[in-house]
Amino acid sequence: MPSTKGRCHARRLTAPAALLAAALLMSGTPATAATSAPAAAATSVLPANPYAGPPGTATMHGDTGSSDTTPLAGPGPGSLSGKLNGLLSACPTVLVGADDYPVALCTPILGQVPTVHLLDPHTGASLTSLQLTKGSLLGGVYAYIDHEDRLVVVDGSRSLLRIGHHRDAAGSWRLTVDSSLPLGPAVPADDAVTGLSPDWQGRVWFATGGGVVGTADDRTGTVRSVALPAGERVANSISTAPQGTAVTTTHATYLLTASTDGTPRISWRQVYDRGQARKPGLLSWGSGSTPTFFGPTDGTDYVTIVDNADTSVRLKVYRTSTGETVCSVPVLLASGGPGSENSPVGADRSVYVAGTYGYPYPAVPEGAGDSVPASAPFAGGLSRVDVRADGSGCDVVWDNTLRSAAVPKLSTADGKLHTVLRDPVIPGTKGTSLLDPYRYAQIDPATGAVLRSKLIGVGALYDTLQMAGTVAPDGAYLQGTVTGILRISAG
(Lines give C-alpha, C1' and ligand atoms only; values in the text may rest on other atoms or scores of the structure.)
Protein backbone atom coordinates (compact mmCIF):
# COMPACT_ATOMS: atom_id res chain seq x y z
CA MET A 1 0.00 0.00 0.00
CA PRO A 2 1.17 3.58 -0.57
CA SER A 3 2.58 5.37 2.45
CA THR A 4 0.50 7.90 4.32
CA LYS A 5 2.89 10.56 3.04
CA GLY A 6 1.23 10.34 -0.34
CA ARG A 7 -2.10 11.44 1.14
CA CYS A 8 -0.98 15.06 1.17
CA HIS A 9 -1.45 15.06 -2.62
CA ALA A 10 -5.16 15.69 -2.05
CA ARG A 11 -4.38 18.92 -0.17
CA ARG A 12 -2.33 20.17 -3.10
CA LEU A 13 -5.06 19.37 -5.60
CA THR A 14 -7.45 21.68 -3.82
CA ALA A 15 -5.09 24.69 -4.20
CA PRO A 16 -6.39 27.56 -6.47
CA ALA A 17 12.87 14.53 -26.88
CA ALA A 18 14.36 17.52 -26.95
CA LEU A 19 15.77 15.09 -24.50
CA LEU A 20 18.72 13.54 -26.16
CA ALA A 21 19.88 16.85 -27.55
CA ALA A 22 19.64 18.29 -24.06
CA ALA A 23 21.75 15.47 -22.72
CA LEU A 24 24.40 16.44 -25.32
CA LEU A 25 24.93 19.47 -24.63
CA MET A 26 8.46 40.15 -29.68
CA SER A 27 5.14 39.46 -29.96
CA GLY A 28 3.48 36.32 -31.22
CA THR A 29 1.49 35.95 -34.38
CA PRO A 30 -2.17 36.59 -33.60
CA ALA A 31 -4.26 33.49 -33.20
CA THR A 32 -6.86 32.54 -35.73
CA ALA A 33 -10.25 32.98 -34.12
CA ALA A 34 -12.59 30.01 -33.94
CA THR A 35 -16.31 29.82 -33.59
CA SER A 36 -18.00 28.62 -30.40
CA ALA A 37 -14.74 27.81 -28.58
CA PRO A 38 -15.36 25.95 -25.32
CA ALA A 39 -14.30 27.41 -21.98
CA ALA A 40 -10.56 27.84 -21.59
CA ALA A 41 -9.94 26.18 -18.25
CA ALA A 42 -10.52 22.43 -18.35
CA THR A 43 -10.89 20.56 -15.08
CA SER A 44 -11.23 16.90 -16.05
CA VAL A 45 -7.72 15.45 -15.82
CA LEU A 46 -6.18 12.08 -15.08
CA PRO A 47 -6.88 10.73 -11.57
CA ALA A 48 -3.93 10.84 -9.17
CA ASN A 49 -1.71 7.77 -9.31
CA PRO A 50 -1.26 6.43 -5.74
CA TYR A 51 2.33 5.40 -6.49
CA ALA A 52 3.44 8.73 -7.98
CA GLY A 53 4.06 12.15 -6.52
CA PRO A 54 1.65 15.08 -6.79
CA PRO A 55 -0.14 15.48 -10.15
CA GLY A 56 1.39 18.32 -12.13
CA THR A 57 4.90 17.90 -10.74
CA ALA A 58 5.52 14.13 -10.51
CA THR A 59 6.68 13.56 -14.10
CA MET A 60 8.23 15.53 -16.91
CA HIS A 61 4.78 15.69 -18.48
CA GLY A 62 3.05 16.51 -15.20
CA ASP A 63 1.42 13.19 -14.33
CA THR A 64 1.75 9.54 -15.24
CA GLY A 65 -0.76 10.02 -18.07
CA SER A 66 1.52 12.68 -19.62
CA SER A 67 -1.31 15.22 -19.82
CA ASP A 68 1.10 18.17 -19.45
CA THR A 69 -1.40 19.79 -17.11
CA THR A 70 -0.99 21.02 -13.56
CA PRO A 71 -3.44 21.88 -10.76
CA LEU A 72 -1.05 24.62 -9.65
CA ALA A 73 -1.26 28.25 -10.73
CA GLY A 74 1.76 29.76 -12.44
CA PRO A 75 3.33 33.18 -11.86
CA GLY A 76 0.54 35.54 -10.85
CA PRO A 77 0.04 39.32 -10.88
CA GLY A 78 3.00 41.65 -10.56
CA SER A 79 6.19 42.17 -12.47
CA LEU A 80 7.78 39.02 -13.85
CA SER A 81 11.41 38.17 -13.22
CA GLY A 82 13.61 35.35 -14.43
CA LYS A 83 16.79 33.97 -12.89
CA LEU A 84 19.04 31.38 -14.51
CA ASN A 85 20.64 29.07 -11.96
CA GLY A 86 23.69 27.92 -13.89
CA LEU A 87 24.67 24.28 -13.39
CA LEU A 88 26.87 23.89 -16.49
CA SER A 89 24.39 21.16 -17.40
CA ALA A 90 21.39 20.55 -19.57
CA CYS A 91 18.42 19.91 -17.28
CA PRO A 92 15.45 18.33 -19.09
CA THR A 93 13.78 16.95 -15.95
CA VAL A 94 12.63 19.19 -13.08
CA LEU A 95 10.13 17.55 -10.71
CA VAL A 96 8.64 18.42 -7.31
CA GLY A 97 7.53 16.06 -4.56
CA ALA A 98 4.86 16.48 -1.90
CA ASP A 99 7.43 18.12 0.38
CA ASP A 100 7.78 20.96 -2.19
CA TYR A 101 11.49 20.32 -2.84
CA PRO A 102 12.35 20.33 -6.56
CA VAL A 103 14.57 17.54 -7.87
CA ALA A 104 16.33 17.92 -11.21
CA LEU A 105 18.01 15.34 -13.42
CA CYS A 106 20.73 17.01 -15.45
CA THR A 107 23.61 16.09 -17.75
CA PRO A 108 26.80 18.16 -17.37
CA ILE A 109 28.26 19.60 -20.54
CA LEU A 110 31.66 18.21 -19.50
CA GLY A 111 31.73 14.46 -18.85
CA GLN A 112 28.01 13.97 -19.54
CA VAL A 113 27.51 11.94 -16.34
CA PRO A 114 23.82 12.12 -15.33
CA THR A 115 23.55 14.08 -12.09
CA VAL A 116 20.62 14.51 -9.68
CA HIS A 117 20.26 17.90 -7.98
CA LEU A 118 18.10 18.77 -4.99
CA LEU A 119 17.02 22.39 -5.38
CA ASP A 120 16.17 25.10 -2.89
CA PRO A 121 12.39 25.60 -3.26
CA HIS A 122 12.75 29.37 -2.77
CA THR A 123 15.71 30.17 -5.01
CA GLY A 124 16.21 27.18 -7.31
CA ALA A 125 19.86 26.85 -6.30
CA SER A 126 21.35 23.36 -5.95
CA LEU A 127 21.50 22.16 -2.33
CA THR A 128 23.30 18.90 -3.06
CA SER A 129 23.90 16.53 -5.97
CA LEU A 130 24.50 12.88 -6.77
CA GLN A 131 26.12 11.40 -9.89
CA LEU A 132 24.59 8.32 -11.50
CA THR A 133 26.21 5.59 -13.56
CA LYS A 134 26.64 6.81 -17.11
CA GLY A 135 25.02 4.86 -19.90
CA SER A 136 23.09 5.55 -23.07
CA LEU A 137 22.40 9.22 -23.66
CA LEU A 138 18.68 8.52 -23.90
CA GLY A 139 18.71 6.27 -20.85
CA GLY A 140 17.83 7.97 -17.58
CA VAL A 141 16.43 11.19 -19.03
CA TYR A 142 12.84 10.28 -18.17
CA ALA A 143 12.20 9.81 -14.47
CA TYR A 144 9.42 10.43 -11.98
CA ILE A 145 8.82 11.25 -8.31
CA ASP A 146 7.15 8.47 -6.36
CA HIS A 147 4.67 8.65 -3.46
CA GLU A 148 7.55 8.89 -0.97
CA ASP A 149 9.25 11.83 -2.71
CA ARG A 150 11.97 9.65 -4.22
CA LEU A 151 13.26 10.10 -7.75
CA VAL A 152 12.74 6.88 -9.73
CA VAL A 153 15.19 6.43 -12.59
CA VAL A 154 17.09 3.74 -14.51
CA ASP A 155 20.84 4.37 -14.60
CA GLY A 156 23.59 3.26 -16.96
CA SER A 157 23.95 -0.08 -15.17
CA ARG A 158 20.35 -0.83 -16.20
CA SER A 159 19.20 -0.75 -12.56
CA LEU A 160 15.95 0.75 -11.32
CA LEU A 161 16.89 3.25 -8.60
CA ARG A 162 14.84 5.11 -6.01
CA ILE A 163 16.80 8.16 -4.89
CA GLY A 164 15.76 9.90 -1.69
CA HIS A 165 16.80 13.21 -0.19
CA HIS A 166 17.54 13.34 3.52
CA ARG A 167 18.68 15.92 6.03
CA ASP A 168 21.30 15.02 8.60
CA ALA A 169 21.56 16.15 12.22
CA ALA A 170 23.58 19.19 11.17
CA GLY A 171 20.85 20.27 8.74
CA SER A 172 22.78 19.40 5.60
CA TRP A 173 21.02 17.71 2.69
CA ARG A 174 22.23 14.58 0.94
CA LEU A 175 20.92 12.39 -1.87
CA THR A 176 21.11 8.61 -1.50
CA VAL A 177 20.16 5.53 -3.49
CA ASP A 178 17.49 4.11 -1.19
CA SER A 179 16.86 1.02 -3.31
CA SER A 180 18.18 -0.61 -6.46
CA LEU A 181 16.73 -3.36 -8.66
CA PRO A 182 18.77 -4.71 -11.61
CA LEU A 183 16.54 -5.14 -14.65
CA GLY A 184 18.73 -8.01 -15.77
CA PRO A 185 18.23 -9.69 -19.14
CA ALA A 186 15.03 -7.69 -19.76
CA VAL A 187 17.27 -4.84 -20.96
CA PRO A 188 20.06 -6.07 -23.28
CA ALA A 189 23.54 -4.64 -22.76
CA ASP A 190 23.31 -2.67 -26.01
CA ASP A 191 19.90 -1.22 -25.12
CA ALA A 192 18.66 1.36 -22.60
CA VAL A 193 15.43 2.34 -20.88
CA THR A 194 13.93 5.45 -22.48
CA GLY A 195 10.69 5.74 -20.50
CA LEU A 196 9.19 4.57 -17.24
CA SER A 197 6.02 5.15 -15.22
CA PRO A 198 4.21 3.45 -12.32
CA ASP A 199 0.89 1.68 -12.72
CA TRP A 200 -1.97 1.60 -10.22
CA GLN A 201 -0.70 -1.67 -8.69
CA GLY A 202 2.71 -0.25 -7.77
CA ARG A 203 4.69 -1.88 -10.59
CA VAL A 204 7.07 0.26 -12.62
CA TRP A 205 6.54 -0.03 -16.37
CA PHE A 206 9.51 0.64 -18.63
CA ALA A 207 10.26 0.72 -22.34
CA THR A 208 13.63 0.52 -24.05
CA GLY A 209 14.93 2.15 -27.19
CA GLY A 210 15.11 -1.29 -28.78
CA GLY A 211 11.39 -1.93 -28.33
CA VAL A 212 11.24 -3.98 -25.11
CA VAL A 213 8.35 -3.20 -22.75
CA GLY A 214 8.45 -4.53 -19.21
CA THR A 215 7.30 -4.28 -15.62
CA ALA A 216 9.51 -4.20 -12.53
CA ASP A 217 8.29 -4.75 -8.99
CA ASP A 218 11.03 -3.78 -6.58
CA ARG A 219 8.93 -5.00 -3.65
CA THR A 220 9.35 -8.58 -4.88
CA GLY A 221 12.29 -8.25 -7.29
CA THR A 222 10.12 -9.48 -10.18
CA VAL A 223 10.90 -8.24 -13.70
CA ARG A 224 8.80 -9.30 -16.70
CA SER A 225 9.07 -8.10 -20.31
CA VAL A 226 7.90 -8.56 -23.88
CA ALA A 227 9.52 -7.52 -27.17
CA LEU A 228 7.49 -5.46 -29.60
CA PRO A 229 7.75 -6.24 -33.34
CA ALA A 230 11.27 -6.15 -34.78
CA GLY A 231 12.34 -2.77 -36.11
CA GLU A 232 10.08 -0.74 -33.81
CA ARG A 233 11.92 1.61 -31.48
CA VAL A 234 10.72 3.67 -28.53
CA ALA A 235 12.18 7.18 -28.69
CA ASN A 236 9.98 8.89 -26.09
CA SER A 237 8.50 8.13 -22.70
CA ILE A 238 5.46 6.03 -21.83
CA SER A 239 2.21 6.85 -20.01
CA THR A 240 0.08 4.98 -17.49
CA ALA A 241 -3.60 5.16 -16.57
CA PRO A 242 -5.89 2.77 -14.68
CA GLN A 243 -6.78 1.09 -18.00
CA GLY A 244 -3.19 0.32 -18.96
CA THR A 245 0.11 1.61 -20.30
CA ALA A 246 0.39 3.57 -23.55
CA VAL A 247 3.55 3.20 -25.63
CA THR A 248 4.23 4.85 -28.97
CA THR A 249 6.99 3.33 -31.09
CA THR A 250 8.41 4.59 -34.36
CA HIS A 251 5.60 2.68 -36.11
CA ALA A 252 2.53 2.34 -33.88
CA THR A 253 0.76 3.21 -30.64
CA TYR A 254 -0.06 0.45 -28.13
CA LEU A 255 -2.11 -0.01 -25.01
CA LEU A 256 -0.69 -2.76 -22.82
CA THR A 257 -1.91 -4.40 -19.62
CA ALA A 258 -0.22 -6.91 -17.34
CA SER A 259 -1.07 -10.54 -16.64
CA THR A 260 -1.19 -11.84 -13.08
CA ASP A 261 2.58 -12.33 -12.90
CA GLY A 262 3.25 -8.88 -14.38
CA THR A 263 4.05 -9.95 -17.95
CA PRO A 264 2.96 -7.22 -20.41
CA ARG A 265 0.34 -8.11 -23.00
CA ILE A 266 -0.96 -6.02 -25.89
CA SER A 267 -4.60 -4.89 -25.64
CA TRP A 268 -4.57 -2.97 -28.91
CA ARG A 269 -2.19 -1.59 -31.55
CA GLN A 270 -2.74 1.27 -33.98
CA VAL A 271 -0.32 1.96 -36.83
CA TYR A 272 0.19 5.59 -37.85
CA ASP A 273 1.78 7.33 -40.84
CA ARG A 274 5.49 7.66 -40.02
CA GLY A 275 6.38 9.41 -43.28
CA GLN A 276 9.30 8.74 -45.56
CA ALA A 277 12.08 9.76 -43.13
CA ARG A 278 13.00 11.68 -40.03
CA LYS A 279 12.34 15.41 -40.34
CA PRO A 280 14.49 18.32 -39.19
CA GLY A 281 13.37 19.26 -35.70
CA LEU A 282 12.54 15.66 -34.77
CA LEU A 283 14.81 13.17 -33.03
CA SER A 284 13.49 9.95 -34.54
CA TRP A 285 11.81 8.66 -37.68
CA GLY A 286 8.26 8.51 -36.44
CA SER A 287 6.02 10.22 -33.94
CA GLY A 288 7.76 12.53 -31.50
CA SER A 289 4.95 12.12 -28.97
CA THR A 290 4.88 10.62 -25.56
CA PRO A 291 1.24 9.40 -25.72
CA THR A 292 -1.20 11.59 -23.79
CA PHE A 293 -4.25 10.39 -21.86
CA PHE A 294 -7.12 12.89 -21.67
CA GLY A 295 -10.91 13.05 -21.69
CA PRO A 296 -14.05 14.70 -20.27
CA THR A 297 -15.21 11.98 -17.86
CA ASP A 298 -12.19 10.88 -15.84
CA GLY A 299 -9.25 12.16 -17.86
CA THR A 300 -8.59 8.81 -19.53
CA ASP A 301 -11.27 8.52 -22.25
CA TYR A 302 -8.76 9.02 -25.04
CA VAL A 303 -5.09 8.56 -25.98
CA THR A 304 -3.52 10.98 -28.45
CA ILE A 305 -0.30 11.40 -30.44
CA VAL A 306 0.93 13.40 -33.44
CA ASP A 307 2.01 11.32 -36.44
CA ASN A 308 4.88 12.02 -38.86
CA ALA A 309 3.01 12.25 -42.17
CA ASP A 310 5.05 13.94 -44.89
CA THR A 311 3.01 16.96 -45.99
CA SER A 312 1.10 17.84 -42.83
CA VAL A 313 1.14 15.98 -39.54
CA ARG A 314 -2.11 14.84 -37.98
CA LEU A 315 -3.35 14.60 -34.44
CA LYS A 316 -4.49 11.02 -33.86
CA VAL A 317 -7.04 10.42 -31.12
CA TYR A 318 -7.95 6.86 -30.03
CA ARG A 319 -10.49 5.51 -27.56
CA THR A 320 -8.55 4.14 -24.63
CA SER A 321 -10.91 1.22 -24.13
CA THR A 322 -10.79 -0.17 -27.67
CA GLY A 323 -8.13 1.66 -29.70
CA GLU A 324 -10.81 2.82 -32.12
CA THR A 325 -9.77 5.95 -34.03
CA VAL A 326 -11.87 8.95 -33.00
CA CYS A 327 -10.22 11.36 -35.43
CA SER A 328 -7.17 12.10 -37.55
CA VAL A 329 -6.91 15.88 -37.94
CA PRO A 330 -4.19 17.93 -39.70
CA VAL A 331 -2.52 20.38 -37.29
CA LEU A 332 0.17 23.10 -37.40
CA LEU A 333 -1.08 24.28 -40.78
CA ALA A 334 -0.64 28.01 -40.09
CA SER A 335 3.07 27.56 -39.43
CA GLY A 336 3.65 25.29 -42.41
CA GLY A 337 5.89 23.14 -40.27
CA PRO A 338 4.86 19.46 -40.42
CA GLY A 339 6.40 18.06 -37.27
CA SER A 340 6.23 17.89 -33.48
CA GLU A 341 8.74 16.30 -31.12
CA ASN A 342 6.60 17.29 -28.13
CA SER A 343 3.95 15.42 -26.22
CA PRO A 344 0.48 16.92 -26.80
CA VAL A 345 -1.20 18.74 -23.92
CA GLY A 346 -4.57 17.16 -23.09
CA ALA A 347 -7.37 18.17 -20.72
CA ASP A 348 -11.12 17.60 -20.83
CA ARG A 349 -11.93 17.48 -24.59
CA SER A 350 -9.07 19.76 -25.69
CA VAL A 351 -5.61 18.95 -27.06
CA TYR A 352 -2.81 21.46 -27.72
CA VAL A 353 0.03 20.67 -30.12
CA ALA A 354 3.31 22.61 -30.33
CA GLY A 355 5.39 22.33 -33.50
CA THR A 356 9.14 21.71 -33.50
CA TYR A 357 9.77 21.37 -37.24
CA GLY A 358 13.21 22.78 -38.02
CA TYR A 359 14.25 23.30 -34.40
CA PRO A 360 18.08 23.44 -34.37
CA TYR A 361 18.96 20.53 -32.08
CA PRO A 362 22.75 20.24 -31.72
CA ALA A 363 22.65 16.44 -32.12
CA VAL A 364 20.34 13.51 -32.81
CA PRO A 365 20.41 9.90 -31.54
CA GLU A 366 22.52 7.26 -33.18
CA GLY A 367 20.48 5.41 -35.76
CA ALA A 368 17.95 8.22 -36.15
CA GLY A 369 18.80 8.50 -39.83
CA ASP A 370 19.23 11.54 -42.03
CA SER A 371 16.44 14.10 -42.02
CA VAL A 372 14.50 14.94 -45.16
CA PRO A 373 15.13 17.74 -45.97
CA ALA A 374 18.56 18.03 -44.35
CA SER A 375 17.54 21.24 -42.57
CA ALA A 376 14.70 23.75 -42.40
CA PRO A 377 13.88 27.01 -40.63
CA PHE A 378 12.18 26.66 -37.24
CA ALA A 379 8.49 26.92 -38.13
CA GLY A 380 6.96 26.56 -34.67
CA GLY A 381 3.20 26.67 -34.55
CA LEU A 382 0.59 25.94 -31.92
CA SER A 383 -2.79 24.28 -32.55
CA ARG A 384 -5.82 23.49 -30.44
CA VAL A 385 -8.11 20.59 -31.36
CA ASP A 386 -11.31 19.62 -29.51
CA VAL A 387 -13.01 16.24 -29.53
CA ARG A 388 -16.71 16.73 -30.19
CA ALA A 389 -19.01 16.31 -27.21
CA ASP A 390 -20.60 13.22 -28.74
CA GLY A 391 -17.21 11.70 -29.57
CA SER A 392 -17.99 11.62 -33.30
CA GLY A 393 -14.80 13.38 -34.38
CA CYS A 394 -12.57 16.39 -33.74
CA ASP A 395 -12.35 20.01 -34.85
CA VAL A 396 -9.49 22.51 -35.01
CA VAL A 397 -10.40 25.43 -32.73
CA TRP A 398 -7.42 27.65 -33.51
CA ASP A 399 -4.03 27.47 -35.17
CA ASN A 400 -1.19 30.02 -34.99
CA THR A 401 2.52 30.53 -35.64
CA LEU A 402 3.86 31.03 -32.12
CA ARG A 403 7.31 29.43 -31.78
CA SER A 404 7.29 27.51 -28.52
CA ALA A 405 10.79 26.42 -27.52
CA ALA A 406 9.51 24.23 -24.69
CA VAL A 407 6.73 21.75 -23.97
CA PRO A 408 3.76 23.91 -22.92
CA LYS A 409 1.98 23.25 -19.62
CA LEU A 410 -1.71 23.96 -19.04
CA SER A 411 -2.67 25.13 -15.56
CA THR A 412 -6.21 24.17 -14.65
CA ALA A 413 -5.89 26.55 -11.69
CA ASP A 414 -5.20 29.77 -13.62
CA GLY A 415 -6.58 28.63 -16.98
CA LYS A 416 -3.42 29.48 -18.97
CA LEU A 417 -0.85 27.71 -21.10
CA HIS A 418 2.68 28.37 -19.86
CA THR A 419 5.74 28.07 -22.09
CA VAL A 420 8.90 29.75 -23.38
CA LEU A 421 8.88 31.28 -26.85
CA ARG A 422 11.92 31.57 -29.11
CA ASP A 423 11.56 34.71 -31.19
CA PRO A 424 13.60 35.42 -34.32
CA VAL A 425 16.14 38.22 -34.21
CA ILE A 426 14.44 39.68 -37.26
CA PRO A 427 10.66 39.79 -36.58
CA GLY A 428 8.55 37.93 -39.09
CA THR A 429 11.26 35.51 -40.15
CA LYS A 430 11.70 31.83 -39.28
CA GLY A 431 15.45 31.79 -38.96
CA THR A 432 17.31 30.97 -35.74
CA SER A 433 20.63 32.23 -34.43
CA LEU A 434 22.84 32.17 -31.35
CA LEU A 435 21.39 35.59 -30.48
CA ASP A 436 17.72 34.64 -30.40
CA PRO A 437 15.65 36.12 -27.55
CA TYR A 438 13.69 33.80 -25.27
CA ARG A 439 10.59 34.91 -23.40
CA TYR A 440 8.32 33.26 -20.90
CA ALA A 441 4.69 33.50 -22.04
CA GLN A 442 1.22 32.88 -20.71
CA ILE A 443 -1.20 31.95 -23.49
CA ASP A 444 -4.99 32.01 -23.54
CA PRO A 445 -6.12 28.45 -24.33
CA ALA A 446 -9.45 29.77 -25.63
CA THR A 447 -7.88 31.84 -28.41
CA GLY A 448 -4.16 31.08 -28.60
CA ALA A 449 -3.29 34.73 -27.92
CA VAL A 450 -0.34 35.71 -25.73
CA LEU A 451 -1.77 37.28 -22.57
CA ARG A 452 1.51 38.19 -20.92
CA SER A 453 5.20 37.66 -21.60
CA LYS A 454 8.62 38.50 -20.23
CA LEU A 455 12.02 38.47 -21.91
CA ILE A 456 14.14 36.07 -19.86
CA GLY A 457 17.37 36.08 -21.82
CA VAL A 458 19.13 36.42 -25.14
CA GLY A 459 21.47 33.87 -26.63
CA ALA A 460 22.37 30.20 -26.52
CA LEU A 461 22.76 30.03 -22.73
CA TYR A 462 18.98 30.39 -22.46
CA ASP A 463 18.06 27.77 -25.07
CA THR A 464 15.21 25.72 -23.57
CA LEU A 465 15.64 23.12 -26.34
CA GLN A 466 12.00 21.91 -26.30
CA MET A 467 12.29 20.73 -22.69
CA ALA A 468 9.30 20.67 -20.33
CA GLY A 469 8.74 23.30 -17.66
CA THR A 470 7.15 22.71 -14.25
CA VAL A 471 4.95 24.97 -12.14
CA ALA A 472 6.18 24.82 -8.54
CA PRO A 473 3.84 24.97 -5.52
CA ASP A 474 4.78 28.63 -4.87
CA GLY A 475 3.77 29.59 -8.43
CA ALA A 476 7.28 29.84 -9.83
CA TYR A 477 7.87 28.34 -13.27
CA LEU A 478 10.94 26.09 -13.40
CA GLN A 479 12.33 25.59 -16.88
CA GLY A 480 15.40 23.61 -17.87
CA THR A 481 17.89 25.07 -20.33
CA VAL A 482 21.10 23.81 -21.92
CA THR A 483 23.10 25.37 -19.06
CA GLY A 484 20.88 25.12 -15.98
CA ILE A 485 17.41 25.95 -14.71
CA LEU A 486 15.38 29.12 -15.12
CA ARG A 487 13.19 30.19 -12.21
CA ILE A 488 10.47 32.56 -13.38
CA SER A 489 8.36 34.24 -10.71
CA ALA A 490 6.07 37.23 -10.20
CA GLY A 491 5.85 39.97 -7.63
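This is a predicted model: local features need pLDDT of at least 70, side-chain atom pairs count only at pLDDT 80 or more; totals for chains, interfaces and linings use all residues.
Hi everyone, thanks for having me.

Let's start with charges. How many salt bridges does the structure hold? The count comes to 17. One of them joins Arg150 to Asp146, with 2.8 Å between the closest N and O atoms. Is Asp146 buried or exposed? Its relative accessible area is 0%, so Asp146 is buried. Arg150 comes out at 16% relative accessibility, and since buried means under 20%, Arg150 counts as buried too.

Another bridge brings together the side chains of Arg203 and Asp199, at 2.9 Å from N to O. Both Arg203 and Asp199 are buried.

Now for a bridge in another setting. Glu324 pairs with Arg319, and their closest N and O atoms are 3.0 Å apart. Here Glu324 has a relative accessible area of 43%, which makes it partly exposed, and Arg319, at 23%, is partly exposed as well.

On to the rings. The model has 7 aromatic pairs. Take Tyr101 and Trp173: the ring centres are 4.8 Å apart and the planes meet at 50 degrees, so this pair is tilted. Tyr101 and Trp173 are both buried.

Tyr440 and Tyr477 make a tilted pair as well, because their planes stand at 40 degrees, with 5.5 Å between the ring centres. This pair also links distant parts of the chain: Tyr440 belongs to strand β30 and Tyr477 to strand β33, 37 residues apart. Tyr440 is buried at 0% relative accessibility, and Tyr477 is buried at 0% too.

Tyr359, Tyr361 and Phe378 form one aromatic cluster. And Arg274 lies over the face of Trp285, 3.8 Å from the ring centre.

Last stop, the surface. Which residues make the nonpolar patch of about 610 Å²? They are Val425, Ile426, Leu434, Leu435, Leu455 and Val458. Leu455 sits in strand β31, which runs over residues 450–458, and at 42% relative accessibility Leu455 counts as partly exposed.

That's my tour, and I'm glad to go back to any of these sites.

How values were computed:
Residues are numbered from 1 along each chain as its sequence is written. Side-chain values use heavy atoms; hydrogens and water are left out. Patches are made of residues with over 30% relative accessible area and no salt bridge: like charges are joined within 9 Å, nonpolar side chains (Val, Leu, Ile, Met, Phe, Trp, Tyr) within 5 Å. Accessible areas come from the Shrake-Rupley method with a 1.4 Å probe; for residues, only the protein chains shown count as cover. A salt bridge is a side-chain nitrogen of Lys or Arg within 4 Å of a carboxyl oxygen of Asp or Glu. Helices (H or I, at least four residues) and strands (E, at least two) are DSSP runs, numbered from the N terminus. Buried means under 20% relative accessible area, exposed over 50%, partly exposed in between (1.4 Å probe, protein chains only). Rings of Phe, Tyr and Trp (its six-membered ring) pair if their centres lie within 6.5 Å; planes under 30 degrees apart count as stacked, over 60 as edge-to-face and the rest as tilted. A charge sits over a ring if NZ of Lys or CZ of Arg is within 6 Å of the ring centre and within 35 degrees of the ring normal.
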